[in-house]
Amino acid sequence: MKAVATFTLLLGVFTACGHTSPFSSNEGGSSGPLIPGQPAQLTFSPGADLIPEWLPDGSGFAFTAERRDRADHDRCLAFMPGDGGTISRYACSTVAADDTLNVYDEAAFQGDSVAYVRSSTERFLPGLGPDRQSLVIAPAANPNAARLLQTIPFTTTWSATYDAISHVAWLGPARLAFIGEHVTFPRGCSSCVPDTARIGIGIVIADLDAGGLTLTRMPDGDSASSLAPSANGDTVYFTRNNDTRVFRRTLSTAITDTLLDFGVGVARDLSVSSGTLAAIVGGIPASPSNSDRGGALQIVQGPTITQLGDSSWRFRRPALSPDGTRIIVSAWNGAPNADLWLFALP
Amino acid sequence: MTPRAWLVCAALMAAAAPLVAQTNGSIIGHVRQRDGGQPVSGAEIGVDGRWLDRSDSTGFYRLREVRSGWHVVTMRAIGFDTMRRDSVLVRASQVTVVNFTVGAYTIEQPIVVEAYADSILDPTLVATVQRLTGDELRRFPVTTLEEAVALSAGAVGESYRGGRLGQQAFVLDGLGVKNQLDASSGPLGVRLPPDLLTEASLTTNGFSARYGQAISGLVNVVTKDGGDRWSGRVVYETDRLLGGTADLGQDRAVFSVDGPLGRGAGLVAVLDVEGKMDADPVNAPPSPEPRDPRNASPALLPHNSGERYDAGVKLRVPLGSAHTLRLFALRSVEQRLLYDPLYKYDTPQAPARRVVGDLLTAHLQRATNSFTADLRAAYFAREFIRGALTDQPAYQFGAFTGRTFHFAGEELARSQDTALAAAPVAGFAAPDFSDRTPWGVPAFFQTGGSRGDLGWNRFREMRGQADFSVGGPRADFYFGGEVAWQNVRTFQRALAYLPVGDTVPPATASSFQPTAAAAYFESQLHGDDFVVTFGLRYDQINPGSGIPGQTFGARRSVNPRLGFSTVLKGATFVASWGRFSQAPDFQFLVDAAFDDTLRTGRFRRGNPNLGFEDATQYEFSLRARPSETTTLRVNVYNKLLDGLVASVPLGIDPDSTIFGNADFGNVKGADVIAERPVRDGWGVRVAYTLQKAEASATNAFQLVRRIRIDQNGDTINPANVQYPLDYDRRHNFTFLGQVQLSDSAGPAVAGVRPFARLEAAMITRVSSGLPFTMTNAAGDTLIGLPNSHRLPLTMTVDLLMRRQFGLVGRQASVYLDVRNLLNRRNIEAVRRETGMPNLTPQGIDSLAERAYAAHPEAIPYESPRYRSFADLNGNGLIEGRTELFPLFQSAARDYTQPLFSYGAPRLFRLGIELLF
């Protein structure tokens, strides 16, 4: 036994050290914007970076990024830290080969879930609209593991047909709201490439249950062009086509009123958080005869309305952080496609 | 055979005499009186407590079929002392001489016993055998049986005498074990822990007709029987203590025990486990790119670990005085993560492999000195799977994970459901270009999904074997036969993340039950100064009806073997001729799917009508003993290979081929082996092989390429084109040296003699390079003949130093095992288009250009591909050729690093051993 004990002791000496580890990649990416400032440019991609949406904890946000490094230019959900830097991950439909353009957009986060719209188009035989569109829900950690909520287009029980949806937002753990849209494909001339014009025609509230979705029409939401929910989900702020006003619908009381009036320009693309409201005002919204040209970014804090950013820039789809201190927005500043910019709010 | 030949056979059989058996040896000797040397007749001779023979009127006795190992030989005769010799070493196929010289009626007279084995001058030993005992395995810097056998002259790894992998057979205690499914490309599946061995040997010619299924060599191992007292060994070796580049993550532990169980029964049990963080380390130069992680840490490759578990147990049970039952079980598990340059920066998608082998044998022996019957039954199963893991294993200790790997699509593969496999296989995802490389650019390196390969096969075999020997004092006759029922199941799927279609070959599966049978006899004729050995073996293989495609019944092969040996002055000359055959790998009988259109074709058609592969070998051997302590062996041989399996095009489409018995070749060579066994504290063995192994241009790819049209428009078929076989190593030199210092060796320092009981063993190998084929840069045209270029010379020096010491009444030792002591950078492979390990700068630029052309798009700041060092103008975009192309160049240089072109680096292992 003494021999065994001594041997065990020696063995302990031999095994005390750990092994050297094999090499691994140390490419950790960047944190923060390339050039910090006010505003700070977060994305530089020649592709379009659109529709940012904050994660519930404010640690980061997701947006729809055009992947110029893919032959089919898929538009994926890209996740980025809240202060900018390197995209931490993409959520893409990459199972198919490069013969399909897949788009994930209109993401809305609630807890560990994300609801978003996914659509796909045959790349080599494209139709005028997407071949397939659907509203899905998935774990935020794995958006590809999605469950179908609603195929698009669809006709509701109140006989409205929606060709597309946008501005998906959570009103509660099992309740969504979105803008139902009518889509046209106008051509500037008989030989011109058709454009896509999406016109909001109403607000739909969708309740999730075991059987799927129960859709209801939100009263007073006709011709809505954007919406934003309050933190508790009881209030829906919305804008209407060709209207300068911002409306407020309180669901519990079924009362709709006007929150504010910008006076000039068309108001749209609302975002509301912690007492701050952001909207795009002015510009040329999409219509059957016009392409969308974006507008000015206006911030409303109490009675004060402030325009952010260079007046020559055009903005769309601002997203206020959950604490209301930062805003991320798609902006055109001369480049053919939009990049994301970060503004810090006072 | 002609009637005359049958007559010769019958004559030889009638004159049966001693001959070799691969598991057992024999003991012969005389019993004589001390005074006058008068023979003592009627003396009883026994081995290990069993009386087996009596001396004849000349005092001569002979004990047949004595198992290899150490034995107690006892002699008793009325009126004489009972004499006992307790350390007689019997080696397989050898004769050990034990003479007893006793003084009549005098108890006080000392006993004189001689015991030695002389395999050098013994003319009855026809086979060319190179052996290592279990004790030598422990003393040499070798870890596995395969490494030990590779020390033999004429061996290139597991290729012997120019043969390809799989042309050898593994014989365990007289029972053949072979991976008949894919021996040419896969491992056996079971590994015998060296602690189980009594001895291991490589027989390269003249092996007994008892053994078949081999045309290049027999690896013969004899396992221990349980001893008459309990003993054991515990070993642990590692490189943990060394740190830095010397720490390659190696751990090995061995626990072995053997002893008696009572009533003559004995038990041996061994557990041998090994883990390596890098199971295939390479001595490739560091990357010249500072940003490449191999620049700073070139030693260990990620996702290249391996673990193996080998456990064996053997039980010997005597059944009465003449019968013995031996039960043996062996289980081997090997799991490997496989480094793939494609997944250098995203290792979870890299492939992995698991091989599990089980061997169960039962051996009932009836042994009397005049008749021996060995009845053996064996079950051998081997399962192989290779593919992508469902999740990455966590290391528990070193490279040991302690859990079974799980592969994507594993259940589908086992079910062999090719219909279900036509759809994308669950668990597989399409790969994308990695963004974790130092270069960022979308090129070469992949992530997100594996290559999509899934391969699974299982081979099972039930084998029955009966061997009989009949003999008297000076004659033996061996005969027997065997039958094996086999079960083969295979499954392959390529690009499993895509549905089967135009560019994706269908999954292949097969399930069939071949049967094999054999019968043999063998005999020797003794003349006054010569011995003639004759054997005849009949083999039959039937692929069975379960195999896809039409088959034409059983294939048969008759293989005669003939040897002549004679004793010259101080030497023994042996001439042998033999015909050997082996069934083709079963993998060639069925279709195979590949995702490699450049080399092997996407689809190869199996041929269920393949026949035996054959070899006919002539050999002349001269064995001499220049002095009492030295031996010299010279072997000259010529081997004709015929009917080797080859890939034959079905037309001019290289993607469509079928297997056929189409290749033939020739191996000529000579071995010189000089040896001085360890005496007076040192011993050496030096072996040199000169060899030329060539094949003929029957590969139809080459034939098609070499067809020319002359000026008249006629087709010129190629003439007889000879080119080297893949394992044609022209020169091979091996030196094995041992030094063992005594207890009193060296000076005493403070009462301690640091050099006392120090042992050292060194192996030096110098080999000329293997051949390789060069092509043009596009890879579609050969430059010169196939295999007409040579790799450079390789050299390794391995050293094991051991210091023994007492440890609380037990013997213990610490040792240092160093492989490739000189850290020589041996080149084992080169690129076909350059003849060097590396791609040329032009080749790298060409690769980079193609990759850049495919992805010229700018890389924005927010992209995981963005690398600030490459954004020369700092505008947040890596754009344009100036900024992008250098990244593609670096990526191409990184991807084409010739890692596996180089052999292993210097490997250290510190070991501690306790004997009990």
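In this predicted model, strand 22 (residues 296-301) of chain A is joined to strand 23 of chain A by five bridges, and the two run antiparallel. One pair to look for here is A:Ile299, which sits opposite A:Thr306 in strand 23 of chain A. Both strands belong to an open sheet of four strands in chain A, ordered 20-21-22-23, with antiparallel pairing. Strand 20 (267-273) and strand 23 (304-308) of chain A are the edge strands; each has a single partner strand, so one side of each has no neighbour in the sheet. On average, neighbouring strands of this sheet are turned by 25 degrees against each other, if direction is ignored.

Strand 24 (residues 314-320) pairs with strand 25 of chain A in the antiparallel sense, over five bridges. Here A:Ala319 stands across from A:Ile328 in strand 25 of chain A. Five residues lie between these two strands, which make up a hairpin, and A:Gly324 in the turn has a positive phi of about 75 degrees. Strand 25 of chain A also pairs with strand 26 (residues 339-344) of chain A, again in the antiparallel sense, this time over six bridges. A:Ile327 has A:Phe343, in strand 26 of chain A, as its bridge partner. These two strands form a hairpin as well, with six residues between them, and A:Gly334 in the turn has a positive phi of about 110 degrees.

Of the 346 residues in chain A, 42% are buried. Among the contacts in chain A with a separation of 6 or more, 42% are between residues 24 or more positions apart.

In soluble globular proteins, nonpolar side chains tend to be buried together. The largest nonpolar core in this model has 78 residues, and A:Leu77, A:Ala78 and A:Leu227 have the most contacts inside it. Leaving aside residues up to four places away in sequence, A:Ala78 touches A:Ala62, A:Phe63, A:Ala65, A:Ile87 and A:Tyr90. Another core, of 66 residues, lies apart from that one; B:Val177, B:Leu192, B:Phe586 and B:Leu725 are among its members.

Over in chain B, helix 8 (residues 880-895) has 16 residues and reaches 22 Å from its first C-alpha to its last, close to the 22 Å expected at 1.5 Å a residue. Its buried residues include B:Leu884, B:Leu887, B:Phe888 and B:Tyr895. The buried residues of helix 8 pack against helix 7 (841-854) and strand 50 (877-878) of chain B.

Finally, where do the two chains meet? The contact takes 33 residues from chain A and 48 residues from chain B. On the chain B side, strand 16 (231-238), helix 4 (293-296), strand 48 (810-819) and strand 51 (907-915) each supply at least two residues. Sorted by class, the side of chain B that touches chain A has 26 nonpolar, 13 polar and nine charged residues.

Conventions: Residues are numbered from 1 along each chain as its sequence is written. Chains are lettered from A and ligands numbered from 1 in the order in which they are written. This is a predicted model: local features need pLDDT of at least 70, side-chain atom pairs count only at pLDDT 80 or more; totals for chains, interfaces and linings use all residues. Two residues are in contact if their C-beta atoms, placed from the backbone, lie within 7 Å. Ala, Val, Leu, Ile, Met, Phe, Trp, Tyr, Cys and Pro count as nonpolar, Asp, Glu, Lys and Arg as charged, and the others, Gly among them, as polar. A residue is buried if 20 or more other C-beta atoms lie within 10 Å of its own, exposed if 12 or fewer, and partly exposed in between; C-beta atoms are placed from the backbone. The expected span of a helix is 1.5 Å times one less than its number of residues. A nonpolar core is a set of buried Ala, Val, Leu, Ile, Met, Phe, Trp, Tyr and Cys residues joined through C-beta atoms within 7 Å. Two strands pair if DSSP finds at least two bridges between them. Axes are lines fitted to C-alpha atoms, for helices over the stretch in contact, and angles run from 0 to 180 degrees between N-to-C directions.
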